[in-house]
Amino acid sequence: MPHLELTYPRPDIAVLTLNRPEKLNALSYDLVQDLHATLDAIRDNNECRVVVLTGAGRGFCSGLDLTDPNPNKAGGGTEFPRAGMRWQERIADLTTKIHRLRQPVIAAVNGPAYGGGMGIALACDIRIASESARFCTQFIKLGLGGCDIGVSYTLPRIVGAGPAFDLILTARVVEADEALRIGMVSRVCPDATVVDEAMAIAETLCGYGKFGVESTKQVLWANLEASSLEAALHVENRSQILASTGGVMAEATEAFRHRQR
């Protein structure tokens, strides 16, 4: 059985399912490699406009597979700690790869998202949670530092520095209702409907202009690092003018005029 499933319910929406349900979709070497290859393929698919990422079974992703935390093949034949660094970087690069996708990625968190699983969810552009979803940074409980897989970057930007310090240092479990309250997720829905809800969001995005959606994702992430309001406005202004050249704005304006008659 493949560790990762990619389906296209419609040509412009990809559903990517982590498929190790017996391990709560823990990140093994093969799963990480498959994720990299599949995200590369999605990046190059110009027909695909939105990605839904979820997990098979009762969990989203429980983090690193601790039955084989340092697989020999991940180090490319190097000795430790070089081998460990190769593997560490390979897992962590999943978060930057999700960021760099032109397509918005919606995490449909259908259960526990721990450690690297939480890191992957936080790297997505939109997160919605099932009622049984739970989040935990986990790392510090394993004798490691609390900062891993991009969490020390993404979490403070999503929920603010104060809550992020709390969650990373204590590694306490956050239930779905608290995740919604602090802004870690934007919606909570019944367990059986979380992927359907993510699909509905994806369909909404596909109803908007192609360049407009791509550029909006890029501008949002870029302006998290903007040094000032003026710098952010420069990025926004250029994106808006570029978007206006594709003809979608003229079509939308004309449709609006017809509705007003």
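Predicted model: local features only at pLDDT ≥ 70, side-chain atom pairs only at ≥ 80, totals over all residues.
**How the helices pack**

Let us start with α4 (residues 151–159) and α5 (residues 161–170), which pack at an angle of about 135 degrees with their axes 7 Å apart. The two helices are therefore oblique to each other, and their crossing is right-handed. On the α4 side the contact is made by Val 151, Ser 152, Leu 155, Pro 156 and Val 159, while α5 brings Ala 161, Pro 163, Ala 164, Leu 167 and Ile 168. Sorted by class, the residues of this contact are nine nonpolar, one polar and no charged.

Helix α4 also packs with α3 (residues 116–123), here at about 55 degrees and with the axes 9 Å apart. This pair, α3 and α4, is therefore oblique as well, and α3 passes α4 in a left-handed crossing. Met 118, Gly 119 and Leu 122 of α3 meet Val 151, Thr 154, Leu 155 and Ile 158 of α4. Five residues of this contact are nonpolar, two are polar and none is charged. If you compare the residue lists, you will find Val 151 and Leu 155 of α4 both in the contact with α5 and in the contact with α3.

From α1 the contact takes in Tyr 29, Val 32, Gln 33, Leu 35, His 36, Leu 39 and Asp 40; from α2 it takes in Trp 87, Arg 90, Ile 91, Asp 93, Leu 94, Lys 97 and Ile 98. The contact of α1 with α2 has eight nonpolar, two polar and four charged residues.

| Helix pair | Angle between axes | Axis separation | Crossing |
|---|---|---|---|
| α4 and α5 | about 135 degrees | 7 Å | right-handed |
| α3 and α4 | about 55 degrees | 9 Å | left-handed |

**An enclosed helix and an aromatic pair**

Eight of its eight residues are buried, so α3 is largely enclosed by the rest of the structure. Those buried residues are Gly 116, Gly 117, Met 118, Gly 119, Ile 120, Ala 121, Leu 122 and Ala 123.

The structure holds one aromatic pair. Its partners are Tyr 29 and Trp 87, which are tilted, with 5.9 Å from centre to centre and 45 degrees between the planes. The pair links distant parts of the chain, since Tyr 29 sits in α1 (residues 29–43) and Trp 87 in α2 (residues 82–100), 58 residues apart. Both Tyr 29 and Trp 87 are buried.

**Backbone details in the loops**

Most residues other than glycine have a negative phi, and most peptide bonds are trans. A cis peptide bond joins Phe 80 and Pro 81, with omega about 10 degrees; Pro 81 belongs to the loop between β3 (50–55) and α2. Leu 24 has a positive phi, near 50 degrees, and lies in the loop between β2 (13–18) and α1. Ile 149 is not a glycine either, yet has a positive phi of about 50 degrees. You will find Ile 149 in the loop between β7 (134–136) and α4. The relative accessibility of Ile 149 is 6%, so this residue counts as buried.

Tyr 114 is placed in strand β5 (residues 112–114) and, at 16% relative accessibility, counts as buried. Beyond its neighbours within four places in sequence, Tyr 114 is in contact with Cys 61, Ser 62, Gly 63, Arg 134, Phe 135, Cys 136, Gln 138 and Val 173. Tyr 114 and Ala 171 are 57 residues apart in sequence, and their C-alpha atoms are 9.7 Å apart in space.

Leu 180 lies in helix α6 (residues 176–182) and is partly exposed, with a relative accessible area of 38%. Leaving aside neighbours within four places in sequence, Leu 180 is in contact with Val 185, Ser 186, Arg 187 and Val 188.

Conventions:
Residues numbered from 1 in each chain as written. Heavy atoms only, no water. Axes fitted to C-alpha atoms, helices over the stretch in contact; angles between N-to-C directions. Helix = DSSP H or I, 4+ residues; strand = E, 2+ residues; numbered from the N terminus. Parallel < 35°, antiparallel > 145°, perpendicular 65-115°, else oblique. Left-handed = near helix turned anticlockwise from the far one by under 90°. Contact = heavy atoms within 4.5 Å. Nonpolar A, V, L, I, M, F, W, Y, C, P; charged D, E, K, R; others polar. Buried < 20%, exposed > 50% of the residue type's maximum accessible area, 1.4 Å probe, protein only. Phe/Tyr/Trp six-rings, centres within 6.5 Å; stacked < 30°, edge-to-face > 60°.
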